[in-house]
Amino acid sequence: MPVKKRKPKLAVWKFASCDGCQLSLLDCEDELLAIADAVEIAYFPEATRAVVRGPYDLSLVEGSITTPHDAERIHRIRRSSKYLVTIGACATSGGIQALRNFKNVNEFISLVYAHPEYIETLKVSTPIAYHVSVDFELQGCPINKRQLVELISAYLHDRKPNLPAHSVCVACKRRGTVCVMVAHGTPCLGPVTHAGCGAICPAYHRGCYGCYGPNESPQTASLAARFEALGMGHADIARAFRLFTANAEAFRHESEAHEHEA
Amino acid sequence: MARRTPKTHTPGPDDAPMLLDVEGLGRLIALLAEEGYVVLGPRVRDGAVVYDEVRRVADLPVGWTEEQAPGRYRLVRRDDEAVFGFTLGPHAWKRSLFPPRRRLWRAERSEGDGAFTIAEEPVEAPKQAFLGVRACELAAIAVQDRVFMGGAYVDPVYAARRANTFIVAVNCTQAAATCFCASMDTGPQARSGFDLALTELLDDDRHVFLLEAGTETGRSFAARLSAAPAVPEDVAAARAVVARTAEALTRTLDTDGIRDLLFGNLDHPRWDEVASRCLACTNCTLVCPTCFCSTVEDTTDLTGAVAERWQTWDSCFTMDFSYIHGGSVRKTHRARYRQWLTHKLASWIDQFGTSGCVGCGRCITWCPVGIDLTEEVRAIRESADIPPHTTSANQAQAGR
Ligand code: SF4
Ligand code: SF4
Ligand code: SF4
């Protein structure tokens with residue numbers, strides 16, 4: 001392997017989000033020293049106030065675009081980043097705050113804020129890839145640290161990350177979990193959801209609620225028909241597809257189809 | 001063709017079938033453990049019968065049965081204390097012969113010169129005893145034996161695990177609604193491939209197991225169980241129970257000319273219809289006891305000092321499976337479902353000389369949307385573009 005002359009500069013940026021994905025990086029206790037050894041943490045306000053000027057080799061971007069200011073800021077970040085990777089449901093799909101996309105945001109503002117006139121926001125919450133080109137998307141709400149470490153390792157050693165986009169079911173079956181949908185009749189988004197979490201929810205007898213967003217070929221209409229057969233009404237089906245990744249295309253279409261039926 | 005060579009097990013005089021009571025079954029489990037085997041068998045967990053370690057009869061699903069239908073499985077209480085009064089759950093024995101995930105090798109870079117040393121992965125093959133292997137599952141193991149050990153390249157881990165596996169078969173005393181072993185000529189009577197076979201006999205008067213040996217090892221174990229010898233009536237009773245099970249099978253798959261039927265109908269509209277339902281979720285392939293596909297993942301640690309190669313179960317339903325330079329070959333659900341069905345039921349015959357389906361019905365039950373391969377074949381057969389036997393099958397097409 002060619003020895004890198006200088007440590008690559010890593011930056012972590014925040015947009016509209018809860019900070020949970022950035023915390024996954026700090027949560028890498030065992031690996032954190034190795035990461036700090038391999039990269040120069042140049043910009044990461046959540047962890048350190050020290051700021052190293054750009055350009056940056058690897059930018060991790062958390063959060064969605066919800067304000068006119070952010071819509072401009074992301075272009076500056078893109079320009080100063082060699083690789084830009086979005087992390088988490090907000091950055092990759094618009095996040096839970098994209099629920100506004102299905103309603104009139106001004107109604108929310110007037111209900112939530114004492115002085116709505118101070119609020120400057122966009123009508124919709126959009127993923128980063130809607131605004132700039134993105135080199136890789138890391139799914140999850142939040143992302144998991146194992147995947148983050150894999151992504152950084154792959155970047156450091158110029159290889160493709162092992163982050164497959166197949167269904168959550170693959171993980172269920174590999175770990176031997178009994179399918180909650182077949183054995184218990186519990187609606188589960190696993191068959192249309194992007195793997196990566198390790199199939200945590202079904203292992204605790206819960207249906208997957210799709211926090212990693214749609215998988216590589218989500219056949220949502222067929223799964224929704226099954227949910228109906230299991231006794232779910234249209235309103236509940238619409239809600240099932242409208243959670244943390246509500247604005248991801250396949251899930252948005254499915255929830256809208258059932259909203260109109262309901 | 002689809003039939004596998006029937007090595008019918010004819011109980012001879014030296015076979016001396018025996019009768020084991022429930023305590024005797026406990027002695028068998030204890031004896032296997034004493035001889036150093038990890039005993040794996042059916043257990044109730046999370047609402048299903050799965051295969052896991054068992055230490056005593058009470059660990060088995062005593063008094064349980066199940067209802068199965070396409071996309072549906074429910075455990076149900078029995079009104080008796082039958083030990084093997086259920087059929088198949090989501091686990092197949094392949095989990096213990098062909099592990100879902102294992103490391104193939106690990107390489108370390110030495111500090112000074114940067115040279116790599118590759119550490120061969122030790123072959124992990126514990127002595128294991130499978131308790132409760134059904135006839136269709138014996139057939140599935142035989143199919144995988146062929147796949148992993150039958151050619152020029154033998155999978156060393158599978159072969160080592162297989163050599164260390166002791167098999168106690170159980171003849172089915174009932175069938176699930178999803179079973180179709182008779183169509184595939186694999187069951188319900190266990191004919192070969194076991195060390196010992198049990199048939200449960202439960203009525204008002206007695207609760208015993210007819211114990212028959214299939215190998216020398218099996219015979220030597222049976223001899224140490226101090227079981228009572230069986231009389232011909234016991235053997236007849238056991239055969240009768242299994243014959244009733246065969247009659248109770250409701251599902252069928254017509255395998256007549258199936259290879260040519262499928263290869264001759266690669267553009268049948270039914271493939272589009274099933275593609276609109278199929279989720280490409282992979283469940284059918286991962287529960288199937290004969291599916292053998294795997295992928296490898298290469299990993300490095302953060303420092304670059306350690307690299308590893310892992311093998312994991314894979315499925316023809318993922319996009320990565322057919323990924324070659326430039327993209328996936330089988331992008332559509334139609335292409336992926338057709339690959340699964342034509343491989344399983346048609347090209348498998350060319351490849352391994354048997355069908356890839358043993359009629360266990362797992363793919364029917366554990367498909368989240370209840371897609372039933374017997375229905376798919378029936379639909380194609382009923383409206384086949386080209387009748388079977390008249391096509392010059394172009395099997396190369398099947399892969400597309
Ligand atoms: S529990 Fe959900 S994710 Fe797991 S196999 Fe069943 S449908 Fe798939
Ligand atoms: S194809 Fe289905 S029925 Fe046939 S062996 Fe596989 S899981 Fe069982
Ligand atoms: S046939 Fe069923 S189990 Fe198989 S991939 Fe399609 S939906 Fe999943």
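1. In chain B, the exposed residues B:Glu216 and B:Ala223 sit on the face of helix 6 that is turned away from its buried side. Exposed here denotes over 50% relative accessible area, buried under 20%, and partly exposed in between, with a 1.4 Å probe and protein chains only. Helices (H or I, at least four residues) and strands (E, at least two) are DSSP runs, numbered from the N terminus.

2. Some remarks on the source apply throughout. This is a predicted model, in which local features need pLDDT of at least 70 and side-chain atom pairs count only at pLDDT 80 or more, while totals for chains, interfaces and linings use all residues. Residues are numbered from 1 along each chain as its sequence is written, chains are lettered from A and ligands numbered from 1 in the order in which they are written, and side-chain values use heavy atoms, without hydrogens and water.

3. The buried residues of helix 6 (residues 216-223) of chain B are B:Gly218, B:Phe221 and B:Ala222. They lie on the same side of helix 6 of chain B because they cover an arc of only 100° around the axis; the arc is that of the directions from the helix axis to the C-beta atoms. The packing partners of these buried residues in chain B are strand 1 (18-21), helix 1 (22-34), strand 9 (165-170), strand 10 (196-202) and strand 11 (207-213). Contact means heavy atoms within 4.5 Å.

4. B:Ser96 belongs to helix 2 (residues 94-97) of chain B. B:Ser96 counts as buried because its relative accessibility is 15%. Apart from neighbours within four places in sequence, B:Ser96 is in contact with B:Leu40, B:Gln128, B:Phe130 and B:Arg161.

5. B:Gln174 is found in the loop between strand 9 and helix 5 (181-184) of chain B. Its C-alpha atom is separated by 8.4 Å from that of B:Val241, and the two residues are 67 residues apart along the chain. Leaving aside neighbours within four places in sequence, B:Gln174 is in contact with B:Thr65, B:Arg78, B:Gly85, B:Phe86, B:Thr87 and B:Thr245.

6. Ligand 1 is placed between chains A and B. The residues surrounding ligand 1 include A:Cys169, A:Cys172, A:Lys173, A:Cys179, A:Cys188 and B:Asn283; such a residue has a heavy atom within 4 Å of the molecule. Helix 7 (residues 168-175) of chain A gives the most to this shell, with four residues. By class, the shell around ligand 1 has eight nonpolar, two polar and one charged residues. Ala, Val, Leu, Ile, Met, Phe, Trp, Tyr, Cys and Pro count as nonpolar, Asp, Glu, Lys and Arg as charged, and the others, Gly among them, as polar.

7. Around ligand 2 there are 13 residues, of which B:Cys288, B:Cys357, B:Cys360, B:Gly361 and B:Cys363 come nearest. Helix 11 and helix 12 (362-365) of chain B are the elements that give two or more residues to this shell. The shell around ligand 2 comprises nine nonpolar, two polar and two charged residues.

8. The largest cavity has a volume of about 130 Å³. Its lining has 15 residues, and the closest to its centre are B:Cys278, B:Cys284, B:Tyr337, B:Cys367 and B:Ile371. A cavity is a set of points, on a 1 Å grid over the protein atoms alone, where a 1.4 Å probe fits but cannot get out, and lining residues have an atom within 4 Å of a point. Grid points are joined across faces, edges and corners, and a volume is the space filled by probe spheres set on the points. By class, the lining of the largest cavity has 13 nonpolar, two polar and no charged residues.

Key: On a 1 Å grid over the protein atoms alone, a cavity is a set of points where a 1.4 Å probe fits but cannot get out, and a pocket is an open set with protein on both sides within 12 Å along at least five of seven lines; lining residues have an atom within 4 Å of a point.
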